[in-house]
Amino acid sequence: MWAFITLGLLGGLLGLGLAFAAEYLKVEQDSRIEGVHKRLPGYDCGACSYPGCSAFAEAIVEGEVTELKLCKPGKDTHYDAIIEYLNDHRNEDGSLIKVKK
Ligand code: SF4
């Protein structure tokens with residue numbers, strides 16, 4: 001009986017700890033990364049030399065990548081959609097994230 005109570009309390013405390021950690025330790029991410037990610041092919045193949053589409057999208061938004069054709073499976077429809085999206089979602093200072101096909 002005591003084992004169930006102890007494990008129940010321990011589980012509850014750990015759950016509360018995780019809930020607080022999730023709320024107070026979360027890292028805010030630029031929402032445009034997800035917007036760019038959605039417009040990539042989504043194969044997570046690594047042909048762009050990044051570990052996946054999400055990392056490639058982050059590199060684009062951070063200005064590390066300026067050539068979309070590094071995404072080898074990508075087609076003009078993907079590139080055009082990303083360029084259009086980034087033109088509509090500028091930096092806070094109004095500047096553009098410059099990318100080309
Ligand atoms: S090459 Fe394109 S499809 Fe492959 S991981 Fe990179 S962004 Fe994703």
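## Exercises on a predicted helical model

In helix α2, residues 31–39, the buried residues are Arg32, Val36 and Arg39.

**Exercise 1.** Work out how the buried residues of α2 are placed around the helix axis, and find what they pack against.

*Solution.* 
- Step 1. List the buried residues of α2: Arg32, Val36 and Arg39.
- Step 2. Recall the helix rule. An α-helix has 3.6 residues a turn, so residues three or four places apart point the same way.
- Step 3. Look for partners. These buried residues pack against α3 (53–61) and α4 (76–88).

**Exercise 2.** Describe the fold of the protein chain, then decide whether the chain is a compact globule or more spread out.

*Solution.* 
- Step 1. Count the elements. The protein chain has 4 helices and 0 strands.
- Step 2. Read along the sequence. The pattern is α-α-α-α.
- Step 3. The C-alpha atoms fill roughly 65 × 35 × 20 Å along the principal axes.
- Step 4. Of the 101 residues, 18% are buried.

**Exercise 3.** Describe the shell around the ligand.

*Solution.* 
- Step 1. Count the neighbours. The ligand is surrounded by 16 residues.
- Step 2. Name the closest: Cys45, Cys48, Cys53, Phe56 and Cys71.
- Step 3. Sort the shell by class. It holds 11 nonpolar, 3 polar and 2 charged residues.

Note on methods. Residues are numbered from 1 along each chain as its sequence is written. This is a predicted model: local features need pLDDT of at least 70, side-chain atom pairs count only at pLDDT 80 or more; totals for chains, interfaces and linings use all residues. Helices (H or I, at least four residues) and strands (E, at least two) are DSSP runs, numbered from the N terminus. A residue is buried if 20 or more other C-beta atoms lie within 10 Å of its own, exposed if 12 or fewer, and partly exposed in between; C-beta atoms are placed from the backbone. The arc is that of the directions from the helix axis to the C-beta atoms. Two residues are in contact if their C-beta atoms, placed from the backbone, lie within 7 Å. A residue is near a molecule or strand if its C-beta atom, placed from the backbone, lies within 6 Å of it. Ala, Val, Leu, Ile, Met, Phe, Trp, Tyr, Cys and Pro count as nonpolar, Asp, Glu, Lys and Arg as charged, and the others, Gly among them, as polar.
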